[in-house]
Amino acid sequence: ARSARGPAAVKVFGRTRLSRAGGFGQGLSPMAQVVNEAIILGHLADVPGVCHLQQVIEDDDVNELFYVFDFADGGAAMTLDEDNAVFSARCGAVERTIRTAEDEDVAIRVFSEAQARRIMRAALRALRAAHARGIAHRDVSPTNIFLQANGEVVLGDFGVATCFRDPAILRPAGDPGDSALREPFVDDSQG
């Protein structure tokens, strides 16, 4: 996808599916947690190394909510294969190749120690800044650390994050049309 800022990543939430899903362990409905992710990212919008949520689009025609993020062109630092068995770094030297059940070769890549340190330091700086604002990510993993082609490291997926300092900033709204999301994110001109 593309936005006015350039390439974009889009996270799609089906409202019907969210209304039927179980909670995320915080006593909140899945829809409330989705709304809270946008609120939290709004509080972290100026933090270097945290993914940037450009906008939220409500589309009543398809009953979905779209989060538009800056695109991390290097992908996740690590990803699981189809069998959820092997983590493979998206960059780095090829250490070995394995064959999947579908007879496909998958390159297992590893970071050098220096690359791994640089990536972890950048992710930890972003976490430290979030913690200074009272936000706990709660799902830090290599699949939520994204890389830019220019070497920048971005921490993403704040879907289960919470605010431990001022929980009042998180309003467990049941409808993303609630004022909790109105500004600066929501663009409901599509629906």
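D157 lies in the loop between β11 and β12 (162-163). Strands here are DSSP runs of E with at least two residues, helices are runs of H or I with at least four residues, and both are numbered from the N terminus. This is a predicted model, in which local features need pLDDT of at least 70, side-chain atom pairs count only at pLDDT 80 or more, and totals for chains, interfaces and linings use all residues. Residues are numbered from 1 along each chain as its sequence is written, and side-chain values use heavy atoms, with hydrogens and water left out.

Stay with D157 for its backbone. Its phi is near 55 degrees, a positive value in a residue other than glycine. D157 has a relative accessible area of 29%, so it is partly exposed. The classes are buried (under 20% relative accessible area), exposed (over 50%) and partly exposed (in between), with a 1.4 Å probe and protein chains only. N63 also has a positive phi, near 55 degrees, and is a residue other than glycine. N63 sits in the loop between β3 (53-59) and β4. With 30% relative accessibility, N63 counts as partly exposed.

Now step back to the whole chain. The protein has four helices and 13 strands. Of its 191 residues, 41% are buried. Contact means heavy atoms within 4.5 Å. Among contacts with a separation of 6 or more, 59% join residues 24 or more positions apart. The accessible surface comes to about 10,300 Å², and carbon and sulfur atoms hold 50% of it. These areas come from the Shrake-Rupley method with a 1.4 Å probe; for residues, only the protein chains shown count as cover.

Strand β11 (residues 153-155) holds V153. V153 has 6% relative accessibility, so it counts as buried. Which residues does V153 contact, leaving aside neighbours within four places in sequence? They are G49, R118, I119, A122, A123, I145, F146 and L147. R118 is 35 residues from V153 in sequence, yet their C-alpha atoms are 8.8 Å apart.

Next come the aromatic rings. Rings of Phe, Tyr and Trp (its six-membered ring) pair if their centres lie within 6.5 Å; planes under 30 degrees apart count as stacked, over 60 as edge-to-face and the rest as tilted. The count by this rule is two aromatic pairs. F13 and Y67 form an edge-to-face pair, at 4.8 Å centre to centre and 65 degrees between the planes. F13 lies in strand β2 (residues 6-14) and Y67 in strand β4 (residues 64-70), so the pair ties together parts 54 residues apart in sequence. Both F13 and Y67 are buried. Together with F69, F13 and Y67 form one aromatic cluster.

End at the largest pocket, with a volume of about 420 Å³. A pocket is an open set of points on a 1 Å grid over the protein atoms alone, where a 1.4 Å probe fits, with protein on both sides within 12 Å along at least five of seven lines; lining residues have an atom within 4 Å of a point. Its volume is the space filled by probe spheres set on the points, which are joined across faces, edges and corners. The lining has 25 residues, of which C51, F69, D70, A72 and F146 lie nearest the centre. The elements giving two or more residues to this lining are β2 and β4. The largest share, three residues, comes from β2. The lining divides into 12 nonpolar residues (Ala, Val, Leu, Ile, Met, Phe, Trp, Tyr, Cys and Pro), six charged (Asp, Glu, Lys and Arg) and seven polar (the others, Gly among them).
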